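Please take a moment with the sequence and the model shown here before reading the explanation that accompanies them.

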Amino acid sequence: MDCHDCHQSCQPKRAKLSKKIFGFGSRKSANNTLSRESQATIALVGSPNVGKSLLFNLLTGTYVTVSNYPGTTVEVAQGQRTIAGENVTFYDTPGMYSLIPITEEERVARNLILKESMDLVIHVVDAKHLGRMLNLTLQLIEAQLPLLLVVNMIDEAEKLGIWVDENQLASKLNIPVVTMVAAQKVGLKKLIAKVAEHVQSTPLSLTY
Ligand SMILES: Nc1nc2c(ncn2[C@@H]2O[C@H](COP(=O)(O)OP(=O)(O)O)[C@@H](O)[C@H]2O)c(=O)[nH]1
Ligand SMILES: [Mg+2]
């Protein structure tokens, strides 16, 4: 069986395919001895039009590369930023409604987070449609992915009288939650701080 489809504990950590597929190799020390991988990988996922790309641009700035996901015509953007002393690669994924894919875009987004061993998945949702969008959050929790929820567009939600209690939602879901207005950079510092916490607390894999 192809090990990349297997989530059993037969390997200490799933292979870091993304680095090979998208051209990032793990760093080796000069004498080729055991070395720590120097990159954390983080995917932004969620429905279309929730602010993923805007947030991706805020996080990564201008040094972004776009390439087709292998074997498809679907484009995936990747960009980097140093967080907590680690070089973090962010992926902006195509819109997805569910982990059960219907479109090719959804299949790519699903493969990216399920087969490529992201260190963190950031699920971005629109606060105006929180109830509906939490379905995917629950699927991602069930899939046991390392998850952070961004509840974006709280400016628009609040205009409609919808108030989101970040702490209550975090304790109910048992994952970190950040409310944001990405369009005004509101919540960005808090998000970066939570990502830093995660990067610092996650042991990086050892590679030869
Ligand atoms: N009002 C408001 N608009 C936002 C916010 N975040 C993103 N947008 C807008 O929502 C639209 C969709 O954003 P985009 O990043 O393309 O969404 P994506 O499809 O998830 O990548 C754009 O017009 C953004 O400017 C926000 O927090 N508040
Ligand atoms: Mg987008």
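This is a predicted model: local features need pLDDT of at least 70, side-chain atom pairs count only at pLDDT 80 or more; totals for chains, interfaces and linings use all residues.

Residues are numbered from 1 along each chain as its sequence is written, and chains are lettered from A and ligands numbered from 1 in the order in which they are written.

The protein chain has seven helices and nine strands, taken as DSSP runs numbered from the N terminus, with helices being H or I of at least four residues and strands being E of at least two. Of its 208 residues, 33% are buried, a residue being called buried if 20 or more other C-beta atoms lie within 10 Å of its own, exposed if 12 or fewer do, and partly exposed in between, with C-beta atoms placed from the backbone. Among contacts in the chain with a separation of 6 or more, 63% join residues 24 or more positions apart, where contact is defined by C-beta atoms, placed from the backbone, that lie within 7 Å.

Ligand 1 is surrounded by 15 residues, of which Gly51, Lys52, Ser53, Leu54 and Ala183 are the closest; a residue is near a molecule if its C-beta atom, placed from the backbone, lies within 6 Å of it. Two or more residues of this shell come from each of α2 (52-60) and α5 (154-159), and α2 gives the most, with three residues.

Most residues other than glycine have a negative phi. Asn49, in the loop between β2 (39-45) and α2, has a positive phi near 65°, and Met153, in the loop between β7 (147-152) and α5, also has a positive phi near 65°. Asn49 counts as exposed because it has 10 C-beta neighbours inside 10 Å, whereas Met153 is buried because 25 other C-beta atoms lie within 10 Å.

Val74 is found in the loop between β3 (64-68) and β4 (75-83), and it counts as partly exposed because it has 19 C-beta neighbours inside 10 Å. Leaving aside residues up to four places away in sequence, Val74 touches Asn68, Tyr69, Pro94, Glu104, Glu105 and Val108. Val74 and Glu104 are 30 residues apart in sequence, with their C-alpha atoms 7.5 Å apart in space.

Notes:
Two residues are in contact if their C-beta atoms, placed from the backbone, lie within 7 Å.
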